Amino acid sequence: MAVEDLRASSTPFSLSFSGSGFLALYQVGVVQSLLELAPDLLRSACKVYGSSAGSLIAAAVVCGVGLDDLKEFFFALATEVRKTILGPLSPKCSLLANLKAVLQRMLPEDSYLLASGRLHISLTRVVDGQNVMASEFSSKDELIQALLCSCFLPIYCGFIPPSYRGVRYVDGGFTGLQPVSSLEEPVITVSPFTGELDICPRDCPAIFFCFQIFNGSIQISIENLCRISYALFPPSTMVLNDIFSQGYQDTALFLYRNSKWHPRT
């Protein structure tokens, strides 16, 4: 995305959080960094897109959910998943039920009002495999259902997809891993996977070949293969802390390289 003079010219822009699984902690680190170093950037984003676990981060940004609560949830869920050999595939592990409970607790009662028109959640419609962007919500429960649909990875999360407004959907990452709208304002893209993105890890370019998958850009590298594994089967708390810190640092680097986003001293 071209970021030249966006702030100076008041050009509308959006934020996009990719699908990420347990690597959503990287994106939590990104938001933490923005809150501390460039809080006006988060407030100025006219639209916030999210896919799969990235939709949870997008919803947190739009609805003002505390990042400490979000971090605690991901760490607690990762700890629970690691208790069994099968991890998230264990019958004892109910990812969707845990997610629904924490969303009921964390989202404010007026979250659907805050989200309508600004939050855009990527969904994959089961009946025809088409991508759908949910952006209007009539209640908190309806907003939660849209988030659950976007995060539903078949088999991994269960066998019966949840529904939004009476229609069944699965993981939004299948058809919109990095949701954007190319016909509208420029978008700042955020992903825990190295690729042709604005805020992401920068690996050694020994094998620098990016390919498009599910409408997202990912570099072929050993590091990214490892990240895909971590996204589905969470690593230790120490590694997850490092992932959070990397998100924070990569965002600070983005702001430094694009000084117009950095607060003036």
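How many of the 11 residues of helix H4 (residues 53-63) are buried? In this predicted model, 11 of the 11 are buried, so helix H4 is largely enclosed by the rest of the structure. The largest nonpolar core has 75 residues, and H4 gives the most to this core, with nine residues. H4 also contributes two or more residues to the lining of the largest pocket and at least two to the lining of the largest cavity.

**Helix H4**

- The buried residues of H4 are Ala53, Gly54, Ser55, Leu56, Ile57, Ala58, Ala59, Ala60, Val61, Val62 and Cys63.
- After H4 comes Gly64, which has a positive phi, near 70 degrees.

- In soluble globular proteins, nonpolar side chains tend to be buried together.
- Ile121 touches Gly50, Ser55, Val132, Met133, Ala134, Phe137, Leu143, Ala146, Leu147 and Ser150, when residues up to four places away in sequence are not counted.

**Helix H8**

- Helix H8 (residues 140-151) has 12 residues, which at 1.5 Å a residue should span 16 Å; its end C-alpha atoms lie 17 Å apart, in agreement with that expectation.
- Of the 12 residues of H8, 10 are buried, so this helix too is largely enclosed by the rest of the structure.
- The buried residues of H8 are Lys140, Glu142, Leu143, Ile144, Ala146, Leu147, Leu148, Cys149, Ser150 and Cys151.

**Largest pocket**

- The volume of the largest pocket is about 640 Å³.
- Its lining comprises 28 residues, of which Gly21, Ser52, Leu153, Asp171 and Leu232 are the closest to the pocket centre.
- The elements that give two or more residues to this lining are H4, helix H5 (67-81), helix H6 (95-106), helix H9 (173-176) and helix H10 (222-232).
- By class, the pocket lining divides into 22 nonpolar residues, five polar and one charged.

**Cavities**

- Rolling a probe the size of a water molecule over the atoms shows where empty space is left.
- There are two cavities of 30 Å³ or more, and the largest cavity holds about 60 Å³ of space.
- The largest cavity is lined by Leu56, Ala59, Ala60, Val65, Leu70, Phe73, Leu99, Leu103, Met106, Leu107 and Leu147.
- At least two residues of this lining come from each of H4, H5 and H6.
- The lining of the largest cavity has 11 nonpolar residues, with no polar and no charged ones.

Methods
Residues are numbered from 1 along each chain as its sequence is written. This is a predicted model: local features need pLDDT of at least 70, side-chain atom pairs count only at pLDDT 80 or more; totals for chains, interfaces and linings use all residues. Side-chain values use heavy atoms; hydrogens and water are left out. Buried means under 20% relative accessible area, exposed over 50%, partly exposed in between (1.4 Å probe, protein chains only). Helices (H or I, at least four residues) and strands (E, at least two) are DSSP runs, numbered from the N terminus. On a 1 Å grid over the protein atoms alone, a cavity is a set of points where a 1.4 Å probe fits but cannot get out, and a pocket is an open set with protein on both sides within 12 Å along at least five of seven lines; lining residues have an atom within 4 Å of a point. Grid points are joined across faces, edges and corners, and a volume is the space filled by probe spheres set on the points. Ala, Val, Leu, Ile, Met, Phe, Trp, Tyr, Cys and Pro count as nonpolar, Asp, Glu, Lys and Arg as charged, and the others, Gly among them, as polar. A nonpolar core is a set of buried Ala, Val, Leu, Ile, Met, Phe, Trp, Tyr and Cys residues joined through side-chain atoms within 4.5 Å. Contact means heavy atoms within 4.5 Å. The expected span of a helix is 1.5 Å times one less than its number of residues.
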